[in-house]
Amino acid sequence: MPGVLFGGLAAVVSVVAIGRAWAACDVGGGGNGITLLLLAPVIWIAAAVPWLVLHGTLGRRHRGAALAVGLVFTVWFTWFLVTWLGIPDSYPAPLCPGNVPPWWPSLLPT
């Protein structure tokens, strides 16, 4: 069950962060909400499936290691989605120099 929980959490965090980045940098038009709404279940499934694989393989013998690997993957996957979808390099963003939103922490790479 942690896959469903952490997959859902990753989906919510990713969609909210992508939406904030798009709003701050004025990316796209009025259809961003629908796009994010349709993207949320796809992210949820994509984040939950690796947990199922980890539970079926590593989790049978080493539950702590499976949990640690799953958490690291979920954090990485969330960061990847936000930087890949939320901060597009090809979009001209006069409001965001370098296409990085002003609220993005400088210690995290984009």
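**Exercise 1.** How close do the axes of α1 and α3 come, and at what angle do they cross? Classify the arrangement and describe the contact between the two helices.

*Solution.* The model is a predicted one.

Step 1. Two packed helices are described by the distance between their axes and the angle between them.

Step 2. The axes of α1 and α3 come within 9 Å, and the crossing angle is roughly 25°.

Step 3. Angles under 35 degrees count as roughly parallel; α1 and α3 are therefore roughly parallel to each other.

Step 4. The crossing of α1 and α3 is right-handed.

Step 5. On the α1 side, the contact is made by Phe6, Ala10, Val13, Ser14, Ala17, Ile18, Ala21 and Trp22, which meet Leu71, Thr74, Thr78, Leu81, Val82, Leu85 and Gly86 of α3.

Step 6. By class, the residues of this contact of α1 with α3 comprise 11 nonpolar, 4 polar and no charged.

**Exercise 2.** Which helices each supply at least two residues of the lining of the largest pocket? Characterise the pocket and its lining.

*Solution.* 

Step 1. The largest pocket holds about 290 Å³ of space.

Step 2. Its lining consists of 13 residues, and Met1, Pro2, Gly3, Trp51 and His55 lie nearest the centre of the pocket.

Step 3. At least two lining residues come from each of α1 (2–25), α2 (32–56) and α3 (63–86).

Step 4. With 5 residues, α2 contributes the largest share of the lining.

Step 5. The lining of the largest pocket contains 9 nonpolar, 3 polar and 1 charged residues.

Notes:
Residues are numbered from 1 along each chain as its sequence is written. This is a predicted model: local features need pLDDT of at least 70, side-chain atom pairs count only at pLDDT 80 or more; totals for chains, interfaces and linings use all residues. Side-chain values use heavy atoms; hydrogens and water are left out. On a 1 Å grid over the protein atoms alone, a cavity is a set of points where a 1.4 Å probe fits but cannot get out, and a pocket is an open set with protein on both sides within 12 Å along at least five of seven lines; lining residues have an atom within 4 Å of a point. Grid points are joined across faces, edges and corners, and a volume is the space filled by probe spheres set on the points. Helices (H or I, at least four residues) and strands (E, at least two) are DSSP runs, numbered from the N terminus. Ala, Val, Leu, Ile, Met, Phe, Trp, Tyr, Cys and Pro count as nonpolar, Asp, Glu, Lys and Arg as charged, and the others, Gly among them, as polar. Axes are lines fitted to C-alpha atoms, for helices over the stretch in contact, and angles run from 0 to 180 degrees between N-to-C directions. Angles under 35 degrees count as roughly parallel, over 145 as roughly antiparallel, 65 to 115 as roughly perpendicular and the rest as oblique. A crossing is left-handed if the near helix is turned anticlockwise from the far one by less than a right angle, and right-handed if clockwise. Contact means heavy atoms within 4.5 Å.
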